[in-house]
Amino acid sequence: MAVLKPFKAYRPAPELASKVAALPYDVMNSDEARQMVAGNPYSFLHVDKAEIDLDPSVDIHDVQVYEKARDNLYGMINDKIFINDQQDSLYIYKQIMNGRTQVGLVGTTSIDDYLNNIIKKHEFTRADKELDRINHVDYTNANTGPIFLTYRKREDISQLINSWMENKDPIYDFVSDDGITHTVWHIDDRGIVDELVAKFSGVDYLYIADGHHRAASAVKVGLKRREQFPDYDGTEEFNYFLAVLFPDEDLYIMDYNRVVRDLNEYSTAEFIELLKQSFEVKEFEGEGQFKPAEKHTFGMYLDDKWYILKAKDGTFDEASPVDRLDVSILQKNVLTPLLGIQDPRVDDRIDFVGGIRGLAELEDRVDEGGMRVAFSMYPTSISDLMAIADAGEVMPPKSTWFEPKLRSGLFIHTLE
């Protein structure tokens with residue numbers, strides 16, 4: 001059963017919340033981050049991507065970056081940019097994007113639940129990315145970016161959360177530059193907090209929707225602290241990590257598209273003929289770009305044309321939760337055998353474009369960005385994600401793109 005624990009959050013002073021809140025560190029590069037924070041000393045990117053405050057010649061994994069993150073965080077605390085709640089609390093975080101609403105409960109979850117697979121995963125992690133966040137958590141002594149978790153919706157939990165939102169005033173309510181509304185409530189009633197904690201103890205499993213590297217890193221720092229403090233009793237904050245828990249029905253997964261640098265020495269005609277072994281292939285005769293409207297259908301942009309690819313029966317195993325994913329079908333039948341991309345996590349001939357950027361971005365990457373071919377995808381569903389996690393399997397890399405992104409800086413969980 002899942003453990004949910006309230007905590008004493010560090011959070012922005014209300015008048016500064018909109019200036020502090022920042023996109024996750026891993027959705028932009030350092031140069032983009034420098035542009036984003038121009039004129040805004042309050043942005044949490046000064047903590048999550050602290051290299052922006054150092055000379056660009058400094059490697060982003062240099063110890064100076066983690067020291068700067070620590071100094072920036074505690075400097076902001078000392079300057080009263082952040083305030084510290086004095087009692088253990090939970091928080092409600094509501095986001096509205098293009099008329100769609102998702103409502104999550106903010107608290108901390110157990111590293112033991114992660115280790116015992118009560119918190120289920122669906123992706124492999126990379127050691128280099130883990131090490132970066134391990135260092136960040138270790139130096140700042142804090143979880144600065146929440147893990148995006150989901151669970152199978154329960155009406156009793158939703159009713160409690162909805163009742164609080166209807167009867168209490170929010171502590172934050174603002175619209176970010178990308179048009180997303182962010183509203184936060186502070187649940188400071190001990191009785192309601194205890195009731196929510198008790199209800200989550202009846203939730204069988206939590207699932208990582210987004211943030212596998214942050215979660216793995218937080219757990220490893222917690223284990224490191226246990227070695228440092230062998231007399232720990234399990235109540236210490238380092239036994240828990242920051243999370244936002246959303247009911248599955250709220251979540252929206254967008255397409256996660258692919259662009260590839262070359263055709264692996266095939267001509268266009270040769271490549272299309274090879275595709276016909278596994279796909280029905282026809283030119284798209286509509287206007288604009290082709291956006292797949294059903295599973296097992298793909299768009300392909302090549303030589304100024306859009307094509308429709310439909311996977312043939314027998315080219316995938318519908319009974320396998322992993323094999324039937326469209327990202328798996330493309331990998332198994334195109335990227336590996338035809339284009340020679342064995343491991344898309346490390347091959348620099350492939351890149352990934354989140355659906356939030358639109359399909360025109362795929363055309364730009366091919367026409368002007370040095371890529372040769374692009375593939376538009378049908379989104380992976382949340383039920384696919386849960387089925388794969390339940391089966392103990394993992395998805396291919398870059399299978400899901402969740403929107404809206406959780407903002408960092410609205411809640412900070414310190415490990416002491």
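**Salt bridges across the chain**

Modeller: Happy to! Let's begin with Lys153 and Glu249, whose side chains meet in a salt bridge at 3.8 Å from N to O. This pair links distant parts of the chain, 96 residues apart: Lys153 is in the loop between strand S8 (147-151) and helix H7 (155-167), while Glu249 is in the loop between strand S12 (240-247) and strand S13 (253-254). Lys153 has 31% relative accessibility, so it counts as partly exposed. Glu249 is exposed, because its relative accessible area is 59%, and the cut-off for exposed is over 50%. Please keep in mind that this is a predicted model.

Next, look at Asp138 and Lys224, which form a salt bridge with their closest N and O atoms 2.4 Å apart. Here two helices are linked, with Asp138 in helix H6 (residues 127-140) and Lys224 in helix H9 (residues 212-228), 86 residues apart. Asp138 counts as buried because its relative accessibility is 18%, whereas Lys224, at 35%, counts as partly exposed.

Now turn to Asp85 and Arg11, where the side chains meet in a salt bridge of 2.8 Å, N to O. Asp85 lies in the loop between strand S3 (82-84) and strand S4 (90-97), and Arg11 in strand S2 (residues 10-12), so this pair ties together parts that are 74 residues apart in sequence. Both Asp85 and Arg11 are buried.

Salt bridges can also join up: Lys120, Arg152 and Asp390 are linked in a network of them. For the whole picture, the count comes to 32 salt bridges.

How values were computed
Residues are numbered from 1 along each chain as its sequence is written. This is a predicted model: local features need pLDDT of at least 70, side-chain atom pairs count only at pLDDT 80 or more; totals for chains, interfaces and linings use all residues. Side-chain values use heavy atoms; hydrogens and water are left out. A salt bridge is a side-chain nitrogen of Lys or Arg within 4 Å of a carboxyl oxygen of Asp or Glu. Helices (H or I, at least four residues) and strands (E, at least two) are DSSP runs, numbered from the N terminus. Buried means under 20% relative accessible area, exposed over 50%, partly exposed in between (1.4 Å probe, protein chains only).
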